[in-house]
Every structure is written in structure tokens, then in C-alpha cells.
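Biologist: Can you walk me through this model? Keep it short, please.

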Amino acid sequence: MASKSLQDLKQQVEETAQEAVTTAGAKAQQVVDQATEAGQQAMDQLASSTQETIDKTAKQASDTYSGFAKKLGLMK
């Protein structure tokens with residue numbers, strides 16, 4: 001009888017431990033997924049910001065060239 005109770009208790013402990021491991025694994029995966037998403041959003045923002053800077057720089061260079069060309073009489 002005592003052996004049966006100990007066996008049942010052991011089984012309950014093992015099941016509880018397995019549930020804890022499963023829950024911890026799921027939470028860890030959730031953290032990894034959130035970090036991955038945050039990293040992707042940061043990379044997207046960086047790419048967007050970099051492209052905006054490139055576009056602004058190219059426009060400024062073009063405007064500067066046009067200004068010089070007009071002053072030199074190369075453009076009307």
C-alpha cells in the first residue's frame with residue numbers, strides 16, 4: 001500500500017516536473033521569438049533610416065551640382 005502511494009507520488013512529481021520543463025521551454029521560445037521580432041524591426045528601421053539618408057544626400061549632391069553648373073553656365 002505504501003509502495004503504491006510512493007509510486008503515485010513519484011509519478012505526480014515526474015509529471016509536474018515535465019510540465020514545468022515544457023512550460024519553461026515554451027516561455028523561452030516566446031522570448032526568443034520576441035527578441036527575433038524586435039531585432040527584425042530594428043533592422044527594418046535601420047534600413048529605412050539609411051535609405052532616407054542616402055536619398056537626402058543624393059538630392060543635396062544633385063542640387064549642389066546643379067547650382068555649380070548654373071553658375072558656370074553649363075546648365076540653364
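Modeller: Here is a tour of the chain, from overall shape to charge pairs.

Modeller: This is a predicted model, so to speak plainly: local features need pLDDT of at least 70, side-chain atom pairs count only at pLDDT 80 or more, and totals for chains, interfaces and linings use all residues. Residues are numbered from 1 along each chain as its sequence is written, and side-chain values use heavy atoms, with hydrogens and water left out.

Biologist: How many helices and strands does the chain have?

Modeller: The chain has 1 helix and 0 strands. Both are DSSP runs, numbered from the N terminus: helices are H or I with at least four residues, strands are E with at least two. Helix α1 covers residues 2-71.

Biologist: What box do the C-alpha atoms fill?

Modeller: Roughly 105 × 10 × 10 Å, taken along the principal axes. The radius of gyration of the chain is 32 Å, while a compact globule of 76 residues would have one near 11 Å. That radius is taken over C-alpha atoms, and the globule rule is 2.2 Å times the number of residues to the power 0.38.

Biologist: What share of the residues counts as buried?

Modeller: Of the 76 residues, 1%. Buried means under 20% relative accessible area, exposed over 50%, partly exposed in between (1.4 Å probe, protein chains only).

Biologist: Which residues make the nonpolar patch?

Modeller: L6, L9 and V13 make a patch of about 300 Å². Patch residues have over 30% relative accessible area and no salt bridge; nonpolar side chains (Val, Leu, Ile, Met, Phe, Trp, Tyr) are joined within 5 Å, like charges within 9 Å.

Biologist: Is L6 buried or exposed?

Modeller: L6 counts as exposed because its relative accessible area is 60%.

Biologist: New topic: charges. How many salt bridges are there?

Modeller: The structure holds 2. A salt bridge is a side-chain nitrogen of Lys or Arg within 4 Å of a carboxyl oxygen of Asp or Glu.

Biologist: Which residue pairs with E14?

Modeller: K10, with the closest N and O atoms 3.9 Å apart. Both lie in helix α1, 4 residues apart, about one turn of the helix. K10 is exposed at 53%, and E14 is partly exposed at 47%.

Biologist: And what does K59 pair with?

Modeller: D63, at 3.0 Å between the closest N and O atoms. K59 and D63 also sit 4 residues apart in helix α1. D63 is partly exposed, at 44% relative accessibility.

Terms used
Accessible areas come from the Shrake-Rupley method with a 1.4 Å probe; for residues, only the protein chains shown count as cover.
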